[in-house]
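Open the model in your viewer and keep the selection tool at hand. The stops below say what to select next and what is there.

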Amino acid sequence: MRKRELNLFKKLLNRRLEELLMEAERTKDQVKETEEPSPDPLDQASNVFDRDFLLRLRDRERKLMLKIKEALERIENGTFGICEVCGQNLSQKRLRSSPMAILCI
Ligand SMILES: [Zn+2]
């Protein structure tokens, strides 16, 4: 892949990472809110529900951030866009729709 294309993907991935970091920050605050004790049992129940939902969301954000970081590392070490199983180049189309892809199919 040409350097210019790699730089483009790098920019794309970094922007995605920044967005996720901001979202993660928001989620963290929301989790904190659900941890504040409430005297109302109904509130308590919905807080448990919300917290569960938010923690799952946070888990997903974390996994996605890890994938983006791995893709950025692949750009650095020159293996970006190469299928991990068969070693072929991933199509531009595939990478554009999913820059974290590591498999050709
Ligand atoms: Zn493959």
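In which helix do Lys28 and Glu25 lie, and how many residues apart are they? Both residues lie in helix H1, three residues apart, about one turn of the helix. Keep in mind throughout that this is a predicted model.

**Stop 1**

Select Lys28 and Glu25 and show their side chains. They meet in a salt bridge, 3.5 Å from N to O. Lys28 is partly exposed, with a relative accessible area of 37%. Glu25 is also partly exposed, at 41%.

Next, select Arg2 and Glu5. Their side chains meet in a salt bridge as well, with 3.5 Å from N to O. Glu5, at 21% relative accessibility, counts as partly exposed; the limit for buried is under 20%.

**Stop 2**

Select Thr34, which is found in helix H1. Thr34 is buried, with a relative accessible area of 7%. Show the backbone of Val31 too: its oxygen lies 2.7 Å from a polar atom of the Thr34 side chain.

Move on to Ser38, in the loop between H1 and H2. Ser38 is buried, with a relative accessible area of 14%. Which backbone atom does the side chain of Ser38 reach? The side chain reaches the backbone nitrogen of Asp40, at 3.2 Å.

**Stop 3**

Select Asp59, Arg62 and Lys63. These residues are linked in a network of salt bridges. Asp59 and Arg62 are three residues apart in helix H2, so about one helical turn separates them. Asp59 counts as partly exposed, at 30% relative accessibility.

**Stop 1: the aromatic pair**

Now select Phe9 and Phe80. A search of the whole structure finds one aromatic pair. Phe9 and Phe80 form that pair, with 5.2 Å from centre to centre and 50° between the planes, and the pair is tilted. Why does the pair count as tilted? The angle of 50° falls between the limits, because planes under 30 degrees apart count as stacked and those over 60 as edge-to-face.

**Stop 2: the zinc ion**

Select the zinc ion and the residues that coordinate it. Which residues are they? The zinc ion is coordinated by the SG atoms of Cys83, Cys86 and Cys104, at 2.2 Å. Along the chain, the donors follow the spacing C-x2-C-x17-C. Cys83 lies in the loop between H2 and H3 and Cys104 in the segment after H3, so the pair ties together parts that are 21 residues apart in sequence.

Colour these cysteines by accessibility. Cys83 counts as buried, at 5% relative accessibility, whereas Cys104 counts as partly exposed, at 34%.

**Stop 3: the nonpolar patch**

For the last stop, select Val85, Ile102 and Leu103 and show the surface. These residues form a nonpolar patch on the surface, with about 250 Å² of accessible area together. Val85 is found in the loop between helix H2 (41-77) and helix H3 (92-97), and Leu103 lies in the segment after H3.

Is Val85 buried or exposed? Val85 is exposed, with a relative accessible area of 70%. Leu103 counts as partly exposed, at 34% relative accessibility.

Leu103 and Glu84 are 19 residues apart in sequence and 5.8 Å apart in space, C-alpha to C-alpha.

Note on methods
Residues are numbered from 1 along each chain as its sequence is written. This is a predicted model: local features need pLDDT of at least 70, side-chain atom pairs count only at pLDDT 80 or more; totals for chains, interfaces and linings use all residues. Side-chain values use heavy atoms; hydrogens and water are left out. Patches are made of residues with over 30% relative accessible area and no salt bridge: like charges are joined within 9 Å, nonpolar side chains (Val, Leu, Ile, Met, Phe, Trp, Tyr) within 5 Å. Accessible areas come from the Shrake-Rupley method with a 1.4 Å probe; for residues, only the protein chains shown count as cover. A salt bridge is a side-chain nitrogen of Lys or Arg within 4 Å of a carboxyl oxygen of Asp or Glu. Helices (H or I, at least four residues) and strands (E, at least two) are DSSP runs, numbered from the N terminus. Buried means under 20% relative accessible area, exposed over 50%, partly exposed in between (1.4 Å probe, protein chains only). Rings of Phe, Tyr and Trp (its six-membered ring) pair if their centres lie within 6.5 Å; planes under 30 degrees apart count as stacked, over 60 as edge-to-face and the rest as tilted. Donors are N, O and S atoms within 2.8 Å of the metal (3.2 Å for Na, K and Ca); water is not among the atoms, so sites may look incomplete. A polar contact is a pair of N or O atoms within 3.5 Å; within protein, one must be able to donate a hydrogen and the other to accept it, and residues adjacent in sequence count only if both atoms are side-chain atoms.
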